[in-house]
Amino acid sequence: MTLKHYFTLCFSVSTLTLSSSAMVWENGDHSTSAGVAFSSDYAWRGYSQTDEEMAISGSLDYSHASGFYLGTWASNIDFGSTSSMEIDVYAGFGGDITDSGVSYDLGVLRYMYPSEGSLNWNEYYGSLSYSLFTAFVGYTDEYAGSEDVDAIYYNLSAGYDITDTGISLAAAVGYYDIDGADADYTDWSIGASTEAAGFGLDLSYINTDVDNQKLADSRIVFTVSKSV
């Protein structure tokens with residue numbers, strides 16, 4: 001599973017520290033891939049995780065021909081915690097549903113924050129994809145490390161490659177249903193990506209319906225990525 005696929009399914013298209021990820025090793029049914037990205041912001045489901053500053057992220061992934069995958073991803077963060085880094089570990093299984101044209105992905109993701117373990121939490125996710133569209137649902141009962149706080153994130157995304165241009169378009173809308181007064185919100189994004197001189201380039205617009213929170217305001221995010 002590539003890092004871009006991971007973000008599309010797990011964080012939604014509104015997370016834009018996407019990285020190109022190329023296969024660096026393959027042996028029969030086994031393969032690995034890795035990537036690194038430099039972004040003007042790490043935006044997760046509409047919220048900046050780096051106080052609207054630059055983010056550097058990287059990944060390492062393993063996949064098996066059966067559909068099983070395992071990987072890790074890390075980025076700098078700055079959202080008021082004592083930790084300056086986020087490390088995610090994830091595992092899942094995906095594949096096609098017979099000849100229907102529908103594919104699925106089921107997995108679990110662990111968000112970890114070194115030096116502030118109280119923020120660590122798990123999310124269980126599933127998605128279905130058909131043609132241009134992907135529907136994603138992620139559930140947790142310990143949102144942002146808070147015990148007994150349930151949260152469900154719904155996201156619908158679409159991607160389209162413009163023939164013979166090398167340009168890909170993407171759009172997404174998500175809704176976060178979080179326990180607690182006035183915590184629910186909607187986020188959305190639209191963007192375009194391409195490759196040049198071996199680098200991935202992505203430019204996206206992100207916004208939410210959250211009022212009076214600077215880190216959830218509308219923003220333009222630019223990302224340069226490279227497989228390693």
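Predicted model: local features only at pLDDT ≥ 70, side-chain atom pairs only at ≥ 80, totals over all residues.

Biologist: What about the largest nonpolar core, which residues have the most contacts inside it?
Modeller: Trp121 and Tyr176 do, in a core of 23 residues.

Biologist: And which strands each supply at least two residues of this core?
Modeller: They are β6 (68-76), β8 (102-112), β9 (121-130), β11 (151-162) and β12 (167-178).

Biologist: How many helices and strands does the protein chain have?
Modeller: There is 1 helix, and there are 15 strands.

Biologist: What share of the residues is buried?
Modeller: Of the 228 residues in the protein chain, 43% are buried. The chain exposes about 10900 Å², and 59% of that comes from carbon and sulfur atoms.

Biologist: New topic, then. How much space lies in the second largest pocket?
Modeller: About 300 Å³. The pocket is lined by 14 residues, and those closest to its centre are Trp44, Gln49, Phe79, Tyr143 and Ala144.

Biologist: What is that lining like by class?
Modeller: The second largest pocket has 11 nonpolar, 2 polar and 1 charged residues in its lining.

Biologist: Back to Ala144. What is its phi?
Modeller: Ala144 has a positive phi of about 55 degrees, although it is not a glycine. Ala144 sits in the loop between β10 (133-140) and β11.

Biologist: What about Glu52, what is its phi?
Modeller: Glu52 is not a glycine either, and its phi is positive, about 65 degrees. Glu52 is found in the loop between β4 and β5 (55-64). With 29% relative accessibility, Glu52 counts as partly exposed.

Biologist: Is Tyr47 buried or exposed?
Modeller: Tyr47 has a relative accessible area of 18%, so it is buried. Tyr47 belongs to strand β4 (residues 47-48).

Biologist: Which residues does Tyr47 touch, leaving out those up to four places away in sequence?
Modeller: Tyr42, Tyr185, Val210, Gln213, Leu215 and Ala216.

Biologist: How far apart are the C-alpha atoms of Tyr47 and Val210?
Modeller: They are separated by 9.6 Å, with the two residues 163 residues apart along the chain.

Key. Residues numbered from 1 in each chain as written. Heavy atoms only, no water. Helix = DSSP H or I, 4+ residues; strand = E, 2+ residues; numbered from the N terminus. Buried < 20%, exposed > 50% of the residue type's maximum accessible area, 1.4 Å probe, protein only. Areas by Shrake-Rupley, 256 points an atom, 1.4 Å probe, with all protein chains shown as cover. Core = buried A, V, L, I, M, F, W, Y, C linked by side-chain atoms within 4.5 Å. 1 Å grid on protein atoms, 1.4 Å probe; cavity = no way out; pocket = protein on both sides within 12 Å on 5 of 7 lines; lining within 4 Å. Points joined across faces, edges and corners; volume = space filled by probe spheres on them. Nonpolar A, V, L, I, M, F, W, Y, C, P; charged D, E, K, R; others polar. Contact = heavy atoms within 4.5 Å.
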